[in-house]
Amino acid sequence: MSDSFAPPSAPTGSEISTGETLTGVFFEPSRTFEALRSRPRFLVAAVILFVIAGVVTAVLYSRVDMSAFIRERIERSPNAAQISEAQKDTQVKLGKTIGMIFIPLSVPIALAIGSALYLLLVMAFGGSISYMQSLAVWAYSWLPPSVLGAVIALLVLFLKAPDTIVPERLVATNPGALFGEDASRVLVALLSQFDILRFYGLFLAALGLRKVAKISSGQAWGVVLTLWFLGLLFAVGSAALFGR
């Protein structure tokens, strides 16, 4: 039979639409990342991540008295006695403004820096990947855990009494959330890195790097666990030096 009478071939993974990519990363991540290898795209996922951060931040600031929360943290700091009331008021206003701006802004910053680190680490582990492919892996691997985390955070914000909400623990999916305010900040920072949603993102990232960069599973996990470990060191070091 000639090719002209042959049945049309099934579409390949590289031909899936943006909508299929957004849903596929939840239900068919392997096929989705294979598609992203030949057609890396990240903009829609990045916009969704930015919107999620903005919505959660807006609801948080509308439900919780962030001025009181920041002031309480200042009062509990070791050098609170050396800070005048006027300075505390300034720090509260500055803290609120920085929080409202930085939380959503952290999305493109993390996307740009994280993708560059993926690129460098993949090369260090002997693989090859373009920056666009790295952007695609980062954006889509963190989309599902971010969506789930946002759902949990919004449920907490709307279902709990505002005066019982701790902004730092909206998404209690790690052992660090089990400790009270008087617990060791270093211990809390350490245990907070063992987060269910974070490991879900690491699993997707390792799968994505394996499919997109065509590296082994061991190499892919080496990349994501190296980055996770660097984050753990930064969190613990910050807690030890600054108590946060």
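Modeller: The buried residues of helix 7 are L143, P144, P145, G149, A150, A153, V156 and L157. The model in view is a predicted one. Helix 7 itself covers residues 143–159, 17 residues in total. From its first C-alpha to its last it reaches 24 Å, close to the 24 Å expected at 1.5 Å a residue. Its buried residues pack against helix 1 (18–27), helix 3 (43–63), helix 6 (131–141) and helix 9.

Two of these partners, helix 6 and helix 9, also meet each other: their axes come within 9 Å and cross at roughly 150°. An angle over 145 degrees counts as roughly antiparallel, and helix 6 is therefore roughly antiparallel to helix 9. The crossing is right-handed. Helix 6 contributes Q133, V137 and S141 to the contact, while helix 9 contributes G201, L204, A205, G208, L209 and V212. By class, five of these residues are nonpolar and four are polar, with no charged residues.

Helix 9 (residues 196–212) has a further neighbour in helix 10 (residues 217–242), where the axes come within 8 Å and cross at roughly 140°. Helix 9 is therefore oblique to helix 10. This crossing, too, is right-handed. On helix 9 the contact is made by R198, F199, L202, F203, A205, A206, L209 and R210, and on helix 10 by S217, A220, W221, V223, V224 and W228. The residues of this contact divide into eleven nonpolar, one polar and two charged.

Conventions: Residues numbered from 1 in each chain as written. Predicted model: local features only at pLDDT ≥ 70, side-chain atom pairs only at ≥ 80, totals over all residues. Heavy atoms only, no water. Axes fitted to C-alpha atoms, helices over the stretch in contact; angles between N-to-C directions. Helix = DSSP H or I, 4+ residues; strand = E, 2+ residues; numbered from the N terminus. Parallel < 35°, antiparallel > 145°, perpendicular 65-115°, else oblique. Left-handed = near helix turned anticlockwise from the far one by under 90°. Contact = heavy atoms within 4.5 Å. Nonpolar A, V, L, I, M, F, W, Y, C, P; charged D, E, K, R; others polar. Expected span 1.5 Å × (residues − 1). Buried < 20%, exposed > 50% of the residue type's maximum accessible area, 1.4 Å probe, protein only.
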